[in-house]
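Please find below a colleague's note on the structure shown here.

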Amino acid sequence: MATNAEILPFHHQTILTFQTAAALTNYGGVGGGSSGISTASQLAAAWSMEDHLFQQTELPVLTRSTHHMLRFAPYALPHRPQLQPIPPALYLQHAAAAAAVHAQHHHNLQQRTTSPASPPPTEGYHISNLFPEILELIFNELSVCDLGRAAQVCTAWRDVAYSKSIWKGVEAKLHLKRSSPSLFNCLVKRGIKKVQILSLRRSLKDLVLSVPALNSLNLSGCFNVTDVNLGHAFSVDLPNLKILDLSLCKQITDTSLGRIAQHLKNLQTLDLGGCCNITNTGLLLIAWGLKKLKHLNLRSCCISDQGIGHLAGLNKATAEGNLELEFLGLQDCNRLSDEALGHIAQGLTSLKSINLSFCLSITDSGLKHLARMPKLEQLNLNSCDNISDIGMAYLTESGSNLNSLDVSFCVKISDQALTHIAQGLYQLRSLSLNHCQITDQGILKIAKALPELEHLNIGQCEGITDKGLQTLAEELLNLKTIDLYGCNKLSSKGIDVIVKLPKLIELNLGLWLKR
């Protein structure tokens, strides 16, 4: 019987083996020699024999071996009645030629030397043999773009790259232009909980509902966000959302804060910087609903001392206040006065950092209240024009625990203020005195009293000379960064001394005129 590899396509339902074709050719074939098959009856008998062989032969299956792939397989030709039948003698000649080629092929395979075996799999510490846990540690160091490329290398790397542990902490940055269910599903699959919206042209509700584990939502700079958008997005309780950034979303009003206070009870960080339509009413809503809030930025909001009183919980009948606040940003809130600082010292006793920069109505008297806050560690008074040396004296009276103080561009700060600082703020690690009226004498005071100081900014202080830098180099051996921007009385000698500080990492010499 013919084997699968010996079957040659011939006609609709008739298959001719190589052996039979060769035998018929040896007899001369149709129209061949005198002793060949020359009658119709003999030819019919030959076809009958092939039909019998076809019935005993299984249909071949395409298989791939080490040396060769099956070259011939039966196929059915569509019935074409318009074509004239081809004489069987022509098929016999083609079959005989194919049989000769096939025999030569097998002969060549027998004569060919055995090909070398494939090399064994790589062993040892090759990257292809690393355990998935090791790959996770490596992939944790990749950027988001590189993770995407690594996931296309192979299925093993793809599976590792999709592990939730790798995407932990990653913030997805999206353009919400149309409905993208598949995109939201990818976020959930990777366990991404932080999302930043770069542009918004559709409802936020789809995102909020499709990613229920959403922990952080950043809408900063989305100018087209309105109360309607936030009303639809925050129409249900979102217990997992803890960080919300609405800075520079200038169309939102106190109405949005009502929704936020009602449905985002676990919110810990709220940034409203640049939202100029927020008023004291909005602060009342925040004080009423967001009792777990720890970080609140109200930069440039239209608020007054009364609103700060709401946050401090001074009127318990209306709101208990945000007593767990640790950071409060009041930059450029020009309607605030020293009374607001009194409210802060009375109610927000957990406060660790406060930004009062550009609050022009704050005076030295207000610093008396801040001096009574034992947990306060960072104070920013940048560009508070009414703060002077007296205010520094008030600040140091109670032995403040400040480790960071910024009085840059407070033009009333002089060497006397540095004397007060040296006598009371022993825990300072960062001090900014840019554009203050200080000299080498003041630098000498703080250099002797604050040996642990790490960051010092004295840019645009025209009274600083090489002598002051010599003092810093001798006393402040822990200094890591120093800003000398615009100090035009320095020479190369002073710079050479300061750069030899053992722990110095950053030195700003902008606008320094080399002599």
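The points below go from the whole chain to two local features.

1. Basis of the model. The model is predicted, so local features require pLDDT of at least 70 and side-chain atom pairs pLDDT 80 or more, while totals for chains, interfaces and linings use all residues. Residues are numbered from 1 along each chain as its sequence is written, and side-chain values use heavy atoms, without hydrogens and water.

2. The chain overall. The chain has 20 helices and 16 strands (DSSP runs, H or I of at least four residues for helices and E of at least two for strands, numbered from the N terminus). Of its 515 residues, 43% count as buried (under 20% relative accessible area; exposed is over 50%, and partly exposed lies in between, with a 1.4 Å probe and protein chains only).

3. Contacts along the chain. Among contacts (heavy atoms within 4.5 Å) with a separation of 6 or more, 72% join residues 24 or more positions apart.

4. Helices α16 and α17. Helix α16 (residues 389–396) packs against helix α17 (residues 415–424) at about 5°, with the axes 8 Å apart (lines fitted to C-alpha atoms over the stretch in contact, with angles from 0 to 180 degrees between N-to-C directions). The two helices are therefore roughly parallel (under 35 degrees). Helix α16 contributes Asp 389, Met 392, Ala 393 and Thr 396 to the contact, and α17 contributes Gln 416, Ala 417, His 420, Ile 421 and Gly 424.

5. Phe 131. Phe 131 lies in the loop between α3 (88–111) and α4 (132–139). Phe 131 counts as exposed because its relative accessibility is 60%.

Definitions and conventions
Angles under 35 degrees count as roughly parallel, over 145 as roughly antiparallel, 65 to 115 as roughly perpendicular and the rest as oblique.
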